[in-house]
Amino acid sequence: MKTVLKPLQEEQGSILILCVLMLFLLTVLGISSTTTSDLEMSIATNENFFHMAFYQADGGAEAGKEIVEQAIEARIWVDTTTPPVMINFVEVWDVDFYKNSTLSDTEIPSDTNKDVAIPVTVEGRNLKTFLRYGGVTDLAVGSAIQMAAGYDGIGKGAAGGGAWIDYDIRSNHEGIRNSRSKIQAGWRHVI
């Protein structure tokens, strides 16, 4: 019996050291995977905020097309010296914005450089989408002819040309966690 017990006594805790080493490696692996998942969660959250800012800016550019049409056609803006003029939840800071000439290439709408601001609430925060407008008037080429039905007994007429204004609409939305998105859209108003 002494021969069986002697080899067991000579190991002196090597299994214990091996188990502690394995436990340490598993702990490091667990901490690493937790850190990686936290980082991926942060990346996904920031990407979500970027998409929200993009869609707000894109929506601002789309709304900007309707705003400029309303300003030109309906003449709904009033002359005032105390901006903003509030019209249907839209802040108009420059009532003659649709008369602006071209914008410079570096001109970006911001809180200090805006024609129109659209307030939005995102996750309980009050944010704004800022718009700037620039337009170029151009004459249309070609001509037109109108003819009435022969049975009406009325004549015919001819006209030439026409005009349009090509608008450059720039939209900028600054969202949560410094997410920003800038959209530039074009709009042609036919006169």
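How many of the seven residues of strand 3 (residues 116–122) are buried? I started my notebook with that. Five of them are buried, so strand 3 is largely enclosed by the rest of the structure. Buried means under 20% relative accessible area, exposed means over 50%, and partly exposed lies in between (1.4 Å probe, protein chains only).

**Ground rules**

I noted that this is a predicted model, where local features need pLDDT of at least 70, side-chain atom pairs count only at pLDDT 80 or more, and totals for chains, interfaces and linings use all residues. Residues are numbered from 1 along each chain as its sequence is written, and side-chain values use heavy atoms, with hydrogens and water left out.

Six strands form an open sheet in the order 1-2-3-4-7-8, with antiparallel pairing. Strand 1 (85–87) and strand 8 (180–190) are at the edges, each with a single partner strand, so one side of each has no neighbour in the sheet. From one strand to the next, the twist averages 25°. I wrote down how the elements are defined: helices (H or I, at least four residues) and strands (E, at least two) are DSSP runs, numbered from the N terminus. Two strands pair if DSSP finds at least two bridges between them.

**Entry: the partners of strand 3**

I then followed strand 3 to its partners. Strand 2 (residues 90–92) runs antiparallel to strand 3 and is joined to it by two bridges. Valine 92 has valine 116 of strand 3 as its bridge partner. Seven bridges link strand 3 to strand 4, again in the antiparallel sense. Strands 3 and 4 form a hairpin with two residues between them. Glutamate 123, in the turn, has a positive phi of about 50°.

Strand 4 (residues 125–139) pairs with strand 7 (residues 163–174) over eleven bridges, in the antiparallel sense. I picked out threonine 137, whose bridge partner in strand 7 is isoleucine 165.

Arginine 177 is exposed at 52% relative accessible area. Asparagine 178 is exposed at 63%.

**Entry: aromatic rings**

I found three aromatic pairs in the structure. Phenylalanine 54 and tyrosine 55 make an edge-to-face pair, 5.3 Å centre to centre with 70° between the planes. Rings of Phe, Tyr and Trp (its six-membered ring) pair if their centres lie within 6.5 Å; planes under 30 degrees apart are stacked, over 60 edge-to-face, and the rest tilted. Phenylalanine 54 is partly exposed at 30% relative accessible area, while tyrosine 55 is exposed at 55%.

Are phenylalanine 97 and tyrosine 98 buried or exposed? Both are buried. Their edge-to-face pair has 6.0 Å between centres and 90° between planes. Phe97, Tyr98 and Tyr133 form one aromatic cluster.

Notes. Axes are lines fitted to C-alpha atoms, for helices over the stretch in contact, and angles run from 0 to 180 degrees between N-to-C directions.
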